[in-house]
Amino acid sequence: MALSIGVDVGGTKIAAGVVDDEGKVMARLQKDSPANNRDAIMTTIIDCVNELRAQVEGVATVGVGAAGFVSSDRNTMVSGTNLDWTGVKIGDVVSAGTGLPVVVENDANAAGWAEARFGVGAGRSNVLVVTLGTGVGGAVIIDGRLVRGAAGFAAEIGHITIVPGGRPCGCGLRGCLERYGSGTALGMNGYELARFRPDYAARIIELSGGQVRDISGKAVTMAAREGDAAALECYEQLGDALGQGLADLSAVLDPEVVVLTGGMTEAGAILLEPVTKAFSTYLTARSRRPEIPVLISSSGQDAGLIGAADLARA
């Protein structure tokens, strides 16, 4: 049994675990993430690996899931997000501190790989995984292989343009899928609706402390779970954007399944129903191709570390 340690590095926490070749986590730990100190980040990763090695024998490799653009050689953080480590040769540093071979993957790629290998995508060779949270990310698996691209920057799903000249995005462009299909976008939908139709959006405003400016995706979701018509309209709007984006991607990639993961999927059918409806509407040749199911992830919070660990073996 080949054991590998996966490390999922986020802006607030660093989670790590020993993972076997069937995706089972045999031991795990979590530490606070020193997000604004690159040396402390690296030290914490190394400490996590060495502590786990002391608990479990037979670890052969380490995989680090990192937010940002990772070089194609799976070593360097070309451009980091939320963490101060742009330019850091993460693989080399962690390897020097642990004595083990280390590979670095984009965190969304790592989580997506876990879902494709061990989650609802298991048994399929062509999987599109879309991560829905504050932003939109994902992973693309074609013929059983993770698509990284020439520079290692592939599968930036959130930055395909679906509304030319639309909402400004943090990437510098306008109209990105992320600005219409994320948790942040859901809050924006509620905010825009409340500004112009405050009576209709009264419950969303109430759940936001009575302040339109404080409307968030969380408040919209709470109202939607109560059956509030305005909140459900916000989800319909978001679902239409996501469905369009997924259909465009599927026209190019022809996946066997689309898997939705991330915090937004906790909304369940409130999210899934408008997304699948729009996906079916926008998908080209939908009556002539095999069905492409849209499913919600089953891998949970450990997906990032499980995927990073498994990719380190590849």
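**Briefing: an open sheet and its helices**

Five strands make up an open sheet with mixed pairing, in the order E3-E2-E1-E4-E7, where two strands count as paired if DSSP finds at least two bridges between them. At its edges are strand E3 (25-32) and strand E7 (102-106), each of which pairs on one side only. The model is predicted, so that local features need pLDDT of at least 70 and side-chain atom pairs count only at pLDDT 80 or more, while totals for chains, interfaces and linings use all residues. Residues are numbered from 1 along each chain as its sequence is written, and side-chain values use heavy atoms, with hydrogens and water left out. Helices (H or I, at least four residues) and strands (E, at least two) are DSSP runs, numbered from the N terminus.

**Strand pairing**

- E1 and E2 pair in the antiparallel sense over six bridges, and they form a hairpin with three residues between them.
- Strand E2 (residues 13-19) also pairs with E3 in the antiparallel sense, over seven bridges; this hairpin has five residues between its strands, and Gly-23 in the turn has a positive phi of about 85 degrees.
- Ala-16 is the bridge partner of Val-7 and also stands opposite Leu-29 in E3, whereas Val-18 has Ala-27 in E3 as its bridge partner.
- Six of the seven residues of E2 are buried, meaning under 20% relative accessible area with a 1.4 Å probe, protein chains only.

**Helices H1 and H2**

- Axes here are lines fitted to C-alpha atoms, for helices over the stretch in contact, and angles run from 0 to 180 degrees between N-to-C directions.
- In H1, Met-42, Ile-45, Ile-46, Val-49, Asn-50 and Arg-53 meet Ile-90, Val-93, Val-94, Gly-97 and Thr-98 in H2, contact being heavy atoms within 4.5 Å.

**Helices across the sheet**

- H2 lies across strand E4 (59-66) and E7, running at about 145 degrees to E7.
- Helix H3 (residues 107-118) lies across strand E1 (3-9), E4 and E7, at about 95 degrees to E7.

**Helix H7**

- Gly-217, Ala-219, Val-220, Thr-221, Ala-223 and Ala-224 are buried in helix H7 (residues 217-225), and their cover includes helix H5 (183-196), helix H6 (202-207), helix H8 (229-253) and helix H9 (269-282).
- Gly-227, with a positive phi near 85 degrees, follows H7.

Technical notes. Buried < 20%, exposed > 50% of the residue type's maximum accessible area, 1.4 Å probe, protein only.
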